[in-house]
Amino acid sequence: MPDRVQRRLAEFIEPFRVPPGTRVRLAKDFDPAFKAGIEKKSRGVELLADGVRLLAEYQSRLAAQDTWGVLVILQALDAAGKDGTIRHVMSGVNPQGVAVHSFKVPSAEELDHDYLWRYARRLPARGEIGIFNRSHYEEVLVVRVHPENLDRQALPRQAKRRDVWKRRYREINDWERYLSDNGFRVVKLFLNLSKEEQRARLLRRIDLPDHNWKFSAADVRERGLWDDYQKAFSEALSHTSTEWAPWYVIPADRKWFARIAAAAVIVHTLMEIDPRYPSIDDDTRASLLEIKAQLEAEAPEGAAPDPYADEHGHVAPGGA
């Protein structure tokens, strides 16, 4: 069963994957309205629930094994649904094993360090899933569209030469390779939103009183730089989708489909890792059975010696 599910997931997510070494043109290569033949939202809700259950199961294994870590990177333009994707996809997991970090304008302390420093400080530990809501890719996206941000980083002159972006792509690839080689899988998701859908969502934030708090005039100003961002994203996807950390371009015009697709990519990664619950040796097992017998002997009159076991002494999966 797991092998069949993994194969189906691999087939489902393949259209979203950016093959390493390919030249990406977002507007031509990826359709924000794509929904993989899933016509009804109700069916999408069912599939998302399945994905959330699988994610919860594999996250539990990941934490128990304590060998691998997973870093999920979410990048998108404004109103693409990053927060909602995190909230829905991670709804079934143990919150103790997941940490979400959002990166805003860098502080004075952060600007006094190299540009990857503040991201490295928030990496997950083994057994954990870390989520970067925006990430180190801001350094080749927002900073590229707004080059004045590069000046604020107080870099030496030679570090701001014309090849600064290609150099940063290489440095990011090397960093992610280092993480992967040391047992930390990097899952990169770009929520691909159309310009018209962004317009509709921004209007919704204005029209609905309970959405007003989400609206920022800065989002509209950034929208005016749409073409610049499309170019920056296309360049970043082209140069930083690697065998060890490929990009997945998630169609985001339908929030429910984006959540299914994001969950599928994360679950597929966890299934590839295939974390296992730790096994115990014979001596430890014998010791547990002795303690079990002692606890069963303490059962009060009328109580089952082991409430999780059936009449034959078998414990149902997940019962204990």
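The largest pocket in this predicted model has a volume of about 1400 Å³. Its lining comprises 45 residues, which divide into 17 nonpolar, ten polar and 18 charged. The second largest pocket has a volume of about 440 Å³. The fold also contains an open sheet of five strands, paired in parallel, on which helix H13 packs.

**Largest pocket**

- Asp78, Lys82, Lys104, Arg134 and Asp219 are the lining residues that lie nearest the centre of the largest pocket.
- Helix H4, spanning residues 82-89, provides the largest share of this lining, with four residues.
- By class, the lining of the largest pocket holds 18 charged residues, alongside 17 nonpolar and ten polar ones.

**Second largest pocket**

- Sixteen residues line the second largest pocket, and those nearest its centre are Arg8, Leu9, Phe12, Leu47 and Asp50.
- Helix H1 (2-13), helix H3 (41-65) and helix H13 each contribute at least two residues to the lining of this pocket.
- Among the contributors, H3 gives the most, namely six residues.
- The lining of the second largest pocket consists of eleven nonpolar residues, one polar residue and four charged residues.

**Central sheet**

- The strand order across the open sheet is E2-E3-E1-E4-E5, with parallel pairing.
- Strand E2 (98-102) and strand E5 (247-251) form the edges, each pairing on one side only.
- On average, neighbouring strands of the sheet are turned by 20° against each other, direction ignored.
- Strand E4, residues 184-192, runs parallel to E5 and is joined to E5 by five bridges.
- Within this part of the sheet, Phe190 stands opposite Val249 of E5.

**Helices against the sheet**

- Helix H12, made up of residues 226-240, lies across strand E1 (69-76), E4 and E5.
- The direction of H12 is at about 140° to that of E5.
- Helix H13, residues 255-273, packs on the sheet and touches E1, strand E3 (129-133), E4 and E5.
- The direction of H13 makes about 165° with that of E4.

Conventions
Residues numbered from 1 in each chain as written. Predicted model: local features only at pLDDT ≥ 70, side-chain atom pairs only at ≥ 80, totals over all residues. Heavy atoms only, no water. Pairing = 2+ DSSP bridges. Axes fitted to C-alpha atoms, helices over the stretch in contact; angles between N-to-C directions. Contact = heavy atoms within 4.5 Å. 1 Å grid on protein atoms, 1.4 Å probe; cavity = no way out; pocket = protein on both sides within 12 Å on 5 of 7 lines; lining within 4 Å. Points joined across faces, edges and corners; volume = space filled by probe spheres on them. Nonpolar A, V, L, I, M, F, W, Y, C, P; charged D, E, K, R; others polar.
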